Structures are given as structure tokens and as C-alpha cells.
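Good morning, everyone. Please have the structure open on your screen.

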Amino acid sequence: MAVTATDEIVSGTVDVPAYVDRQPVGAFQIRVLLVCAAVLFIDGFDTQAIGYVAPAVAQEWKLARGSLGPVFSAGLLGLMIGALIFGPMADRIGRRRIILASTLVFGIGTLLTVLAVDTTWLIALRVLTGLGLGGAMPNAIALTSEFSPHRRRATMVMIMFAGFSIGAALGGLLAAAMIPAFGWRSVFLVGGVVPLLLLAFLFKALPESIRFLAMMGGRDREVANLLQKLAPGVSFAGNAKFVVQEPKLSGLPVAHLFAEGRASVTVLLWVVFFMSLLDLYLLSNWLPTVLNDLGVSVSGAAAIGAMLQVGGVVGTFTLGQFIDRFSFRALSLTYLVAAVAVAGVGMASHSIVLVTIAIFASGFCIVGGQIASNALTATFYPTAIRSTGVGWALGIGRIGSIVGPLIGGVMLARDMGPQPLFGAAAVPALIAAAAAFVLARRG
């Protein structure tokens, strides 16, 4: 970079996190946010696609109500394994490599789903797809967090994660339009081709984590180049040395989630993630089917079900500043309102207008609350275990996301109506609210 008369030249030791925290949010951080949001946009589309096509698949293959529960849970099992494995791996080899590899895997898995001929195929391919989806998410969260100043970190992560909700919502709207015209396989064709095309762009546009590079050591030139993009009016002298004032942790990364007073917070975060994702995936996978059972067409059920994610997008942009300011207190209130909204879905099932409003409100609170949980978790853990912390929280939460669709499938198979189903679904939101309240009291 050429040095002009107005450039500030920095030499000596530079504390990278402190330097990033002093910077305003600029064009480079926004670019990183948008690139990571693009990854999660496709992630959201591919994750939710199976729920939107479920009624059409069940009709074509003449399946009984509730029989697709194992297919839903298979994809979520892959998501869990991907998060648990690729989170810690990224803390060792970098966020960028894992995001690229994960995008390749879930693109191939989604594309191959076009060839599925029975539920056995679907289960296997959803596990493969889930591995990639689960690896991309925690690392996109960690990468965005590490380029954001602390005062705006939760807001930046939440805005980035809105890409997931937008992709999931668009999946419902596209499914509503494509299934009648081209069949359910067309949804997976789009969901597989787009991430594979995105890879070339990601290879050029996706940077490595600036904190990860500084902690690795010997990468001063790369760190300097990234800091110059954060602060274009600054240059770094040849003797500048870049450090992260955090200990380099050795041994098993997961063990450090329970060290140095982090154990109780880690467990409470896992409770929030487990309950939140149980609710989210119970609703997102079974809402189209329940609506279809109530007499709504397949395309109409997909469109109304997409209001869960539309509400999540609105909730994400609305809640960001409150989470940055009030942290877990705001999160606890969000989940408390979520419990009321979810119970309201069952109570309002007699009216399309009212049920749509209740679904929107549920998405606002549950999806918005889950995204806020991601942001707060990324803020809590240090650089050396940030992807591990986020990945394992998401991984434990994925157990809830596996359990949720299975519970819904069992209840529907027993011909339970909307009120018992969604009344039961309100309980996990109440538990998440209680756990977040305890976290707020600790803070």
C-alpha cells in the first residue's frame, strides 16, 4: 500500500483485538459480513428445504403422516456432527478453509438429493448435506465476530445471520412457486447448484480471521494487510508485530469450555441452544404439514410456513441493538414472549389470518432469539476456542433440533390436534427464557 502524507504509520507491538475495537464499522467489515451472510443464505435455504417439500414428497411416495420425521432428524444429525467436528477443527486450521470445504459438501449433498427415490436415500443424503451445513454456520459466526468492534459485535453477527433466515424464508416462497410447476426435486436442484457456483466467489472474497492469523504467529504481513483494509488511512511499519492478548490454549479445545470459570455459563448456553433449536425445527419442519392437514394447499402451506423465517428476519434486525445493550436480559424476555406466540399458533389454527400472525410472532422471537444466542456466545469465548464454543453450543442445540421433529412426528402420528402440539412446543421456549434469565443474573 502506498503511504501518503496523511497516513498514520504504526510501529511496534499492535494488540489486534484492541485495534479492531477502536475502529468504526467500515466498508471492509460490511463486506465480510455480506460474504458470510451469503454462505448462511444458502445454508438456510438448504436446511429448510426438506420441510417445505415434505407434503409433496409424502403425497408422491404415499407416506403416512409423521413418517418423514426420521428424514428431518437425519439432516439435523449431520448438522450436529458437522458443528461438533468442524468448530474445533477451525480453531486449529482456520475459519476460511472450513467454510469453503463445508460449502462444497452441502452443495454436493443437496444436488444429489434430486436423485433420491425413497426415504432411505433421503436419510443418507440429508446426513451428508447436514455435515456441510453444520460446519459452515459456527465459522461464519466466528469470522464475522472477529472482524467486528466489541460495541457492535452482537448487532453485526445478528445482521449477518439474517442471511440464514432470508434464505430459509425464500426457500418457502420458491417452493410454493416451483413445486406445482416443476416438482419438489427442483427445489434441491437450485439448492445444490447455487452453493457450488458460490465457491469461486468465496475463494476470492473470503478472508481468514484476523485474530486467528495474529495468534498463529509468523503471519504479520497478512495481518497488516487486513488491518489496512479496516483502517485505510493507516500504514504499518516493517517492525510492527501483531499480537492477541489472550493465552494460547493447548490440549483438547472442548475442555477449555469448562475451564477458568466458564463451566456454568457453557452449560446454561447449551440449555438455551437445545431448547431454542428444538422449538425452531419442530415448527419449521412440521408447520407446512399441519397447515396442509387443516386444508391449506401445499404451496399455500409452504408460503404461510415461511412466515416463521420472515418473522425471524424482522426480529434479527429489531433485536440487535437491544442485545448489544441488555445482553441476556433481552434474550430472556424474547423467549418468554416466544412461548406465548408458539402456544398462540395452536389456539389460532381456526383462522388463516390469525395463525399467520402467530407464526410470524413465533419466528420473530424464536429465530431472533436463536440468532442473538449465537452472537452472545461468540462474544463470550476467547479467540482460541471461539469456533469450538459456538460449534459445540450449536452441536448440543442440534440434539434438540433432532428431538423436536421426532416429537412432532409422534404427536401427529397419534392424531393430536394443533392445540396440544403447539402448547407442548411452548414449554421449551419457557425453559430457554429461564436459562437466559440465570445467565443475565450471573452477568
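I will go through a pocket, a helix pair, some aromatic rings and one threonine.

First, the ground rules. This is a predicted model, in which local features need pLDDT of at least 70, side-chain atom pairs count only at pLDDT 80 or more, and totals for chains, interfaces and linings use all residues. Residues are numbered from 1 along each chain as its sequence is written, and side-chain values use heavy atoms, with hydrogens and water left out.

Now the pocket. Rolling a probe the size of a water molecule over the atoms shows where empty space is left. Here a pocket is an open set of points on a 1 Å grid over the protein atoms alone, found with a 1.4 Å probe, with protein on both sides within 12 Å along at least five of seven lines. Lining residues have an atom within 4 Å of a point. The volume is the space filled by probe spheres set on the points, which are joined across faces, edges and corners.

The largest pocket has a volume of about 320 Å³. It is lined by 18 residues, and I323, S327, F328, L376 and T379 are the closest to its centre. Which helix gives the most to this lining? It is α12, with 4 residues. Helices are DSSP runs (H or I, at least four residues), numbered from the N terminus. By class, the lining has 9 nonpolar, 4 polar and 5 charged residues. Nonpolar means Ala, Val, Leu, Ile, Met, Phe, Trp, Tyr, Cys and Pro; charged means Asp, Glu, Lys and Arg; the others, Gly among them, are polar.

Next, two helices. The axes of α3 (residues 69–93) and α15 (residues 386–413) come within 7 Å and cross at roughly 170°. So α3 and α15 are roughly antiparallel (over 145 degrees). Their contact has 17 nonpolar, 8 polar and 3 charged residues.

On to the rings. The structure holds 9 aromatic pairs (ring centres within 6.5 Å). F28 and F147 form one that is edge-to-face (planes over 60 degrees apart), at 5.6 Å centre to centre and 75° between the planes. F28 lies in α2 and F147 in the loop between α5 and α6, so the pair ties together parts 119 residues apart in sequence. Elsewhere, Y19, F236 and F242 form one aromatic cluster.

Last, T377, in helix α14. Is T377 buried or exposed? T377 counts as buried because its relative accessibility is 0%.

Notes:
Axes fitted to C-alpha atoms, helices over the stretch in contact; angles between N-to-C directions. Parallel < 35°, antiparallel > 145°, perpendicular 65-115°, else oblique. Phe/Tyr/Trp six-rings, centres within 6.5 Å; stacked < 30°, edge-to-face > 60°. Buried < 20%, exposed > 50% of the residue type's maximum accessible area, 1.4 Å probe, protein only.
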